[in-house]
Amino acid sequence: QKRHCARVGASVRTMEDGDELTDLVTTGEVDSTGAFLVDDQATGRPRFDLVFLDIMMQRTNGEQVCKELRAAGIRTPIVAATGNGMQEDIERYLQAGFTRVMLKPFSSATVAALLR
């Protein structure tokens, strides 16, 4: 996903697991360079225009992370990246709060269309 985003000129912040994202959202922590990752320090909300979440992650799956972000009031578009293409899976992801589901493998053109 990072490679596809970079091809269309998007800035990308990668995280090893969804827990990092939920921690960042709830605490307004700084990244490894010391940059404060929020739009407004008063709100403590990280600035992301779009979030790609892989469904299968090491500790917390993307579906659970999406639910936690939505419960925290995050309205940023969240895209599920998954190889699970069964209709019931897709419906479950959308009900969990994902804005869109992208089935792997996807191309740079697909990501570029989404980012526009």
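A residue is called buried here when its relative accessible area is under 20%, exposed when it is over 50%, and partly exposed in between, with a 1.4 Å probe and protein chains only. By that criterion, 38% of the 116 residues of the protein chain count as buried. The structure is a predicted model, in which local features need pLDDT of at least 70 and side-chain atom pairs count only at pLDDT 80 or more, while totals for chains, interfaces and linings use all residues. Residues are numbered from 1 along each chain as its sequence is written, and side-chain values use heavy atoms, with hydrogens and water left out.

From the N terminus, the elements follow the order α-α-β-α-β-α-β-α, giving five helices and three strands; these are DSSP runs, numbered from the N terminus, of H or I over at least four residues for helices and of E over at least two for strands.

Strand 2 (residues 78-82) is largely enclosed by the rest of the structure, because five of its five residues are buried. On one side lie I78, A80 and T82, and on the other V79 and A81, so that both faces are covered.

Strand 2 pairs in the parallel sense with strand 1 (residues 51-54) over four bridges, where pairing requires that DSSP finds at least two bridges between the strands. Within this pairing, V79 is the bridge partner of F52. Strand 2 also pairs in the parallel sense with strand 3 (residues 100-103), again over four bridges, and there T82 has L103 as its bridge partner.

At the other end of the description, S108 lies in helix 5 (residues 108-115) and, at 16% relative accessibility, counts as buried.
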